[in-house]
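Morning, everyone. Please have the sequence and the model open.

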Amino acid sequence: FVMVNCPAIPEHLLESELFGYHKGAFTGAERDHAGLFFQANGGTICLDEIGDIPVSVQTKLLRVLQEQEIKQLGAATSTKIDVRIIASTNADLESKITAGEFREDLYYRLEVLTLRMPSLSEIPEDIPLLADHFLRKARRELDSGEKRFSPQALETLVQRNWPGNIRELQNVIRRAVLFCQ
């Protein structure tokens, strides 16, 4: 399993990081680099925030999906691979397609199975369970003493609008563990 945070890789390096390259393929390519797809060969690659990759890389990714092969930079031939792809995004890909920022054919190639994660505002009944989990985790990581939520605090968490979703909830609870008695 190979996890790739797509926006964390600079745009000009994304292609070579994903697909690899041969020594001498470009200035600075002093050795062969297998690439993340080859590392995931026989397994799964998860492309997090796929909506943020440039169209030029989308084109090459589409070829990988269609042909099940990779052509590394500087290679004369392509190599077959067997990789399951999981793609995630918080972007509205249909809007990006309309704006010309995401390839429609890639969207439909990826959309074999779609799992939509609801926002916290859609599942307020889960907030106490998540809050308790994050509280236990923060207490352990910060080595803080026994702390728990008052009923009023839990109600406030459930009623709150969470535009940052689960990451925001986790950070609010971590902050509370740091600063609250």
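**Helix packing and cores**

H6 and H7 cross in a right-handed sense. Right-handed means the near helix is turned clockwise from the far one by less than a right angle, and left-handed means anticlockwise. Helices here are DSSP runs of H or I, at least four residues, and strands are runs of E, at least two, numbered from the N terminus.

Before I go on, the ground rules. This is a predicted model, so local features need pLDDT of at least 70 and side-chain atom pairs count only at pLDDT 80 or more, while totals for chains, interfaces and linings use all residues. Residues are numbered from 1 along each chain as its sequence is written, and side-chain values use heavy atoms, with hydrogens and water left out.

Back to that pair. Two packed helices are described by the angle between their axes and the distance between the axes. H6 and H7, residues 151–159, pack at about 115 degrees, with axes 9 Å apart. Axes are lines fitted to C-alpha atoms, for helices over the stretch in contact, and angles run from 0 to 180 degrees between N-to-C directions.

Who meets whom? From H6, take Ile127, Pro128 and Ala131; from H7, Leu154, Leu157 and Val158. Contact means heavy atoms within 4.5 Å. By class, that contact has 6 nonpolar residues, no polar and no charged. The classes: Ala, Val, Leu, Ile, Met, Phe, Trp, Tyr, Cys and Pro are nonpolar; Asp, Glu, Lys and Arg are charged; the others, Gly among them, are polar.

Next, H6 with H8. H6 spans residues 127–142, H8 spans 165–179, and their axes come within 9 Å and cross at roughly 50 degrees. The two are therefore oblique to each other. The cut-offs: under 35 degrees is roughly parallel, over 145 roughly antiparallel, 65 to 115 roughly perpendicular, and the rest oblique. This crossing of H6 and H8 is right-handed. Among the contact residues are Leu130, Phe134 and Arg139 of H6, and Leu169, Ile173 and Arg174 of H8. The H6 and H8 contact counts 11 nonpolar, 1 polar and 4 charged residues.

Now the H1 and H3 pair. H1 is residues 11–19, H3 is 55–67, and the axes come within 10 Å and cross at roughly 15 degrees. That makes H1 roughly parallel to H3. The crossing is left-handed. H1 brings Leu14, Glu15, Leu18 and Phe19; H3 brings Val57, Lys60, Leu61 and Val64. That is 6 nonpolar, no polar and 2 charged.

On to the cores. In soluble globular proteins, nonpolar side chains tend to be buried together. A nonpolar core here is a set of buried Ala, Val, Leu, Ile, Met, Phe, Trp, Tyr and Cys residues joined through side-chain atoms within 4.5 Å. Buried means under 20% relative accessible area, exposed over 50%, partly exposed in between, with a 1.4 Å probe and protein chains only.

The largest core has 28 residues, and Val4, Leu18, Phe37, Ile45, Leu47 and Phe102 touch the most other members. Elements supplying at least two residues each include strand S1 (2–5), strand S2 (44–48) and helix H5 (104–110). H3 gives the largest share, 5 residues. Look at valine 4: beyond its neighbours within four places in sequence, valine 4 contacts Ile9, Leu18, Leu36, Ile45, Cys46, Leu47 and Asp48. A second, separate core of 12 residues includes Ala131, Phe134, Ile173 and Val177.

**Single residues**

Is histidine 33 buried or exposed? At 15% relative accessibility, histidine 33 counts as buried. Histidine 33 sits in the loop between H1 and H2. Leaving out residues up to four places away in sequence, histidine 33 touches Ser16, Glu17, Gly20, Tyr21 and Gln72. Histidine 33 and serine 16 are 17 residues apart in sequence, and 8.2 Å apart C-alpha to C-alpha.

Glutamate 67 is in helix H3. At 34% relative accessibility, glutamate 67 is partly exposed.

Last, backbone angles. Most residues other than glycine have a negative phi. Glutamine 68, in the loop between H3 and strand S3 (69–70), has a positive phi near 55 degrees. Aspartate 143 has a positive phi too, about 50 degrees. Aspartate 143 is in the loop between H6 and H7, and at 71% relative accessibility counts as exposed.
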